[in-house]
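Subject: Structure handover

Hi,

Here is the structure I promised to pass on. Please load it before you read the notes below.

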Number of protein chains: 2
Amino acid sequence: MTEVVGATELVNDLAKRSGQAAAALALLSRADKDAALHAMADALVAASAQILAANAEDVRRGRESGTSDALIDRLQLTDARIGAIADQLRNVAGLPDPIGEVVRGYTMPNGVRVQQIRVPMGVVGIIYEGRPNVTVDGAGLCLKSGNAVLLRGSASAAASNAALVSVLRDTLNGCGLPADAIQGVPADDRSTVTALLHARGLVDVVIPRGGAGLIQHVVNNASVPVIETGVGNVHVYVDESADQQMALEILRNSKVRRPSVCNAAETLLVHRSVSAEFLPKAAKVLQDEGVVLHGDDDTRRIVGDSVVPATDEDWDTEYLSLDLAVGVVDSLDAAVAHIRAHGTGHTEAIVTSNIDAARRFTRQVDAAAVMVNVSTAFTDGGEFGFGAEIGISTQKLHARGPMALPELTTTTYLVQGEGQIRGVS
Amino acid sequence: MTEVVGATELVNDLAKRSGQAAAALALLSRADKDAALHAMADALVAASAQILAANAEDVRRGRESGTSDALIDRLQLTDARIGAIADQLRNVAGLPDPIGEVVRGYTMPNGVRVQQIRVPMGVVGIIYEGRPNVTVDGAGLCLKSGNAVLLRGSASAAASNAALVSVLRDTLNGCGLPADAIQGVPADDRSTVTALLHARGLVDVVIPRGGAGLIQHVVNNASVPVIETGVGNVHVYVDESADQQMALEILRNSKVRRPSVCNAAETLLVHRSVSAEFLPKAAKVLQDEGVVLHGDDDTRRIVGDSVVPATDEDWDTEYLSLDLAVGVVDSLDAAVAHIRAHGTGHTEAIVTSNIDAARRFTRQVDAAAVMVNVSTAFTDGGEFGFGAEIGISTQKLHARGPMALPELTTTTYLVQGEGQIRGVS
């Protein structure tokens, strides 16, 4: 218990310092913020040697504890990767400043002027796994949107994150900005996560970035507001009217382009009337790419024993690997019902030539993004033209779909007059 | 425990039925929804006798258990009040339909069309106290915004709420719409509140409407998304440059117009340089209206013993009564610091003639609404021209300030193309 109390005091103290920094950040001009972002980018490149040394320590610890090559690859930094991270800061500097945008404005009959204006959230917590680039990305996006950030990375990247945060804080200081705008939260054990999730009134929002386990832990344990991100049990439905060549290309791109990301397809549903024709072609295309198919009885009857029998769990699994669940459905309505039962509200796609089928699918499927005749891989802040992405929200409150700078803001109503008072009614 | 499990099963079953109704509601045209709203209004008036009989039962129970006259007044219905409730439904029918609005839309370089479209949340839970009109208001706003609603009113209004919900459900049936779009949640004990707050995946958002105790209970115990509403520890700051006559009128209106509502002023802060001149005038105006002043030492020295000494708690109290905390501050910065420490982020006002003071106050105070030279009473969905209000959000996520129809919606990205796939980068 003493440990948890200690973590609470520690995190609350960090959050209060963030709050003080946030009050100053809210007043910065775009020019001030962009100058700091460019200075941060330059400083990271200049400090490459010290960052790589810290990173090497994390990599060594990871290897010693038997971390997989894939995870080591996500952890590892190089000069080129530090350059890319710095470029991303410069990219954020080039994006429009969301702060101060007048979202709505009008004049009341009594002459009172009302403006709804975009302002920073205040203090943003980011809880994430593995990748050190999230440290810099998160810091850059929060600075540009006028928010102070509390960065709680994973213990496995502790030395890298500490080195990165140190460089960023020194740079803020050098620019005359409050260093506490960017703070790391110690990652020795989970108690600091718990403390961050309960810093009500001190932290305005927590964004988890990572696997389903992390996100569920955050969502279920937070008393501060949370934006749920990223879990994508993504379906591609091939309608009876689909252009089958188009369907094959969309399917391949959706599944194998980058199987480990949240917009990758995890389940294929095929209309029964075209299943005998389409499934053998789809199986060949996907199996040639190394995809393991987990099919229902119909699929196995059509394609054969190369298809692993699908279990109940397969329909709810976000594989993030070269696996795909495959099912035959009797109708578009059956596909929609399957998706409503098993989808995670991330991205759902239909391939169809029938305008009415497209309309019914898009109105009845309940997801952040619904694709008609395009790859699911397009659900991405960069592809949507946002210039950056802090995550993909799968919740309905506040932000849904790819989140960038505007999604890190809130609004306030500025109400101005000359002494107007309100009548009794 | 069996009781809680029973409540969980009961509420989850209701929520699943809401979800099925929501899928149908999302497809309704504005004409269908408006026709149902008018039919509901007519049906309420036609069923007045049965509603009043049920309400009389609640009032009798309330009187027997010693409920205050003020609360009985909030509970009690009359023919005129039922008429006003029905009129509010007709008013909602006249508002624009938020569903289907294209919030943003553009074409990617590869020809893919992206549209961000307003869609219903799905299932909305409303937890509220006392007043039966919230039952109908909430049902009407949710229907118009395409959401199914779970109405968890208070036990004190159980018979009235049951009668109202029964009329509304019968009307939906008569219009060919799913009756389960509007469902009451039994209010026998708190277990149904707990169940509603944990119906994750079944309920998309819960909105509490009521006193600070209810709202804190909901916010602290919910695992479903919540929109925090309504607690207003509202400040009026009188700057050294204020037009004092204007300040007196704004102060009186902000405090005494309707002391029981959340936008009423609860603390007056006065710049030291004008305190000796302004406070005696303010005290007279307010005391003539029956306001009890709770002042700091400076205020008591200036105004005298008619001012009750303010305790530490006074600065954090939302009185909702004819009481006002009064303090003298050394500067605008001190006023801002006091408000940042004690405010609830609802509404904060400055009275000033100095353009720089107005700018600094509005940029540094962190609230849903910031008033310059107008009464705090204007923070209201009706006054802002929204035509309706489901509550005033004091949180930063999703909605901030008065909430109406658009705040009961989310968005989805509709992405359409002709077989486009994404490159490797």
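Which residue in β6(B) is the bridge partner of Ile127(B)? It is Pro208(B). Before the rest, one caveat: this is a predicted model.

**The sheet in chain B**

That bridge pair belongs to a wider set. Strand β3 of chain B covers residues 123–128. Five bridges join β3(B) to β6(B), and the two strands run parallel. Both are part of an open sheet of four strands in chain B. The order is β5-β4-β3-β6, with parallel pairing. The edges are β5 (182–184) and β6 (205–209) of chain B, each of which pairs on one side only. On average, neighbouring strands are turned by 20° against each other, direction ignored.

Two helices go with this sheet. Helix α6 of chain B, residues 133–144, packs on it. Helix α6 touches β3, β4 (148–152), β5 and β6 of chain B. The direction of α6 makes about 165° with that of β3(B). Helix α7 of chain B, residues 158–174, lies across β3, β4 and β5 of chain B. Helix α7 runs at about 155° to β5(B).

**How the chains are related**

What rotation superposes chain A on chain B? A rotation of 180° does, with 0.0 Å of shift along its axis and an RMSD of 0.1 Å. The two copies are therefore related as by a two-fold rotation axis. The same surface serves both copies, as 99% of the contact residues of chain A recur in chain B. Which residue of chain A comes closest to the rotation axis? That is His398(A), with its C-alpha at 1.7 Å.

**The interface**

Chain A puts 71 residues into the contact, and chain B puts in 70 residues. Between them, the chains bury about 5,800 Å². Carbon and sulfur atoms carry 53% of that area. How many salt bridges are there between chain A and chain B? The count is ten. Asp380(B) and Arg422(A) meet through their side chains in a salt bridge, at 3.8 Å from N to O.

**Backbone points to check**

Two residues other than glycine have a positive phi and deserve a look.

- Leu320(A): phi is near 55°. Leu320(A) sits in the loop between β10 (308–309) and β11 (323–329) of chain A. Its relative accessible area is 35%, so Leu320(A) is partly exposed.
- Asn373(B): phi is near 60°. Asn373(B) belongs to strand β13 of chain B, residues 369–374. Its relative accessibility is 10%, so Asn373(B) counts as buried; the cut-off for buried is under 20%.

**A buried loop residue**

Is Thr394(A) buried or exposed? Thr394(A) is buried, because its relative accessible area is 14% and buried means under 20%. Thr394(A) lies in the loop between β14 (391–393) and β15 (401–403) of chain A.

Best wishes

Notes
Residues numbered from 1 in each chain as written. Chains lettered and ligands numbered in written order. Predicted model: local features only at pLDDT ≥ 70, side-chain atom pairs only at ≥ 80, totals over all residues. Heavy atoms only, no water. Least-squares fit on C-alpha atoms with pLDDT ≥ 70 in both. Contact = heavy atoms within 4.5 Å. Pairing = 2+ DSSP bridges. Axes fitted to C-alpha atoms, helices over the stretch in contact; angles between N-to-C directions. Buried < 20%, exposed > 50% of the residue type's maximum accessible area, 1.4 Å probe, protein only. Buried area = accessible area lost by both parts, 1.4 Å probe. Salt bridge = Lys/Arg side-chain N within 4 Å of Asp/Glu carboxyl O.
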